[in-house]
Amino acid sequence: MMIYGNYGIRAAATAMQETFRRIIADGGVQNVHKEIVPVEEIFRLQRMDEVKAAETRFLR
């Protein structure tokens, strides 16, 4: 068994810092948007389809 501890969150923080550094340096997102995952992938990871189904079921 391998335990990678907090490497995932540390890598994510590093990527966010670099992305925001580039956005600030470039004055916009034009050079980073094509290198990051689309919003649809974030929704998939969050299982938003299940959230929407639960909203339909429970929020009347």
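Trainee: What separates R21 and E18 in helix α1?

Mentor: About one helical turn, because the two residues are 3 apart in helix α1, which covers residues 7–26. Bear in mind that this is a predicted model.

Trainee: Why is the contact between R21 and E18 called a salt bridge?

Mentor: The cut-off is 4 Å between a side-chain nitrogen of Lys or Arg and a carboxyl oxygen of Asp or Glu. The closest N and O atoms of R21 and E18 are 2.7 Å apart, which is within 4 Å, so the pair counts as a salt bridge.

Trainee: How do you know whether R21 and E18 are buried, exposed or in between?

Mentor: Buried means under 20% relative accessible area and exposed means over 50%. R21 has 47% and E18 has 36%. Both values fall between the two limits, so R21 and E18 are partly exposed.

Trainee: What makes E35 and R22 a salt bridge?

Mentor: Their closest N and O atoms are 2.8 Å apart.

Trainee: Why are E35 and R22 put in their accessibility classes?

Mentor: E35 has a relative accessible area of 52%, which is over 50%, so E35 is exposed. R22 has 22%, which lies between 20% and 50%, so R22 is partly exposed.

Trainee: Which residue forms a salt bridge with E41?

Mentor: R44 does, with the closest N and O atoms 2.8 Å apart. Both residues lie in helix α2, 3 residues apart, about one turn of the helix. E41 has 25% relative accessibility and is partly exposed. R44 has 52% and is exposed, because that value is over 50%.

Trainee: How many salt bridges does a search of the whole structure find?

Mentor: The search finds 4. The pairs discussed here are among them.

Trainee: Why is G28 called buried?

Mentor: G28 has a relative accessible area of 15%, which is under 20%, so G28 is buried. G28 is found in the loop between α1 and α2. Buried residues make up 3% of the 60 residues in the protein.

Trainee: Where is V29 found, and what is its accessibility class?

Mentor: V29 is also in the loop between α1 and α2. Its relative accessibility is 46%, between the limits of 20% and 50%, so V29 is partly exposed.

Trainee: What stands out about R47?

Mentor: R47 has a positive phi of about 55 degrees although it is not a glycine. R47 sits in the loop between α2 and α3. With a relative accessible area of 52%, over the 50% limit, R47 is exposed, and therefore not in the partly exposed class. A positive phi, near 75 degrees, is also found at G27, which follows α1.

Trainee: How does the radius of gyration of the protein stand against that of a compact globule?

Mentor: A compact globule of 60 residues would have a value near 10 Å, but the protein has 17 Å.

Trainee: Which residues make the nonpolar surface patch?

Mentor: V37, V39, I42, F43 and L45 make the patch, with an area of about 460 Å². V37 is found in the loop between α1 and α2.

Trainee: Where is confidence lowest, and where is it highest?

Mentor: Confidence is lowest in helix α3, residues 48–58, at a mean of 91, and highest in α1, at 96. The protein averages a pLDDT of 93, and 100% of the residues score at least 70.

Definitions and conventions. Residues are numbered from 1 along each chain as its sequence is written. This is a predicted model: local features need pLDDT of at least 70, side-chain atom pairs count only at pLDDT 80 or more; totals for chains, interfaces and linings use all residues. Side-chain values use heavy atoms; hydrogens and water are left out. Helices (H or I, at least four residues) and strands (E, at least two) are DSSP runs, numbered from the N terminus. Buried means under 20% relative accessible area, exposed over 50%, partly exposed in between (1.4 Å probe, protein chains only). Patches are made of residues with over 30% relative accessible area and no salt bridge: like charges are joined within 9 Å, nonpolar side chains (Val, Leu, Ile, Met, Phe, Trp, Tyr) within 5 Å. Accessible areas come from the Shrake-Rupley method with a 1.4 Å probe; for residues, only the protein chains shown count as cover. pLDDT is the predictor's confidence in each residue, from 0 to 100. The radius of gyration is taken over C-alpha atoms; the globule rule is 2.2 Å times the number of residues to the power 0.38.
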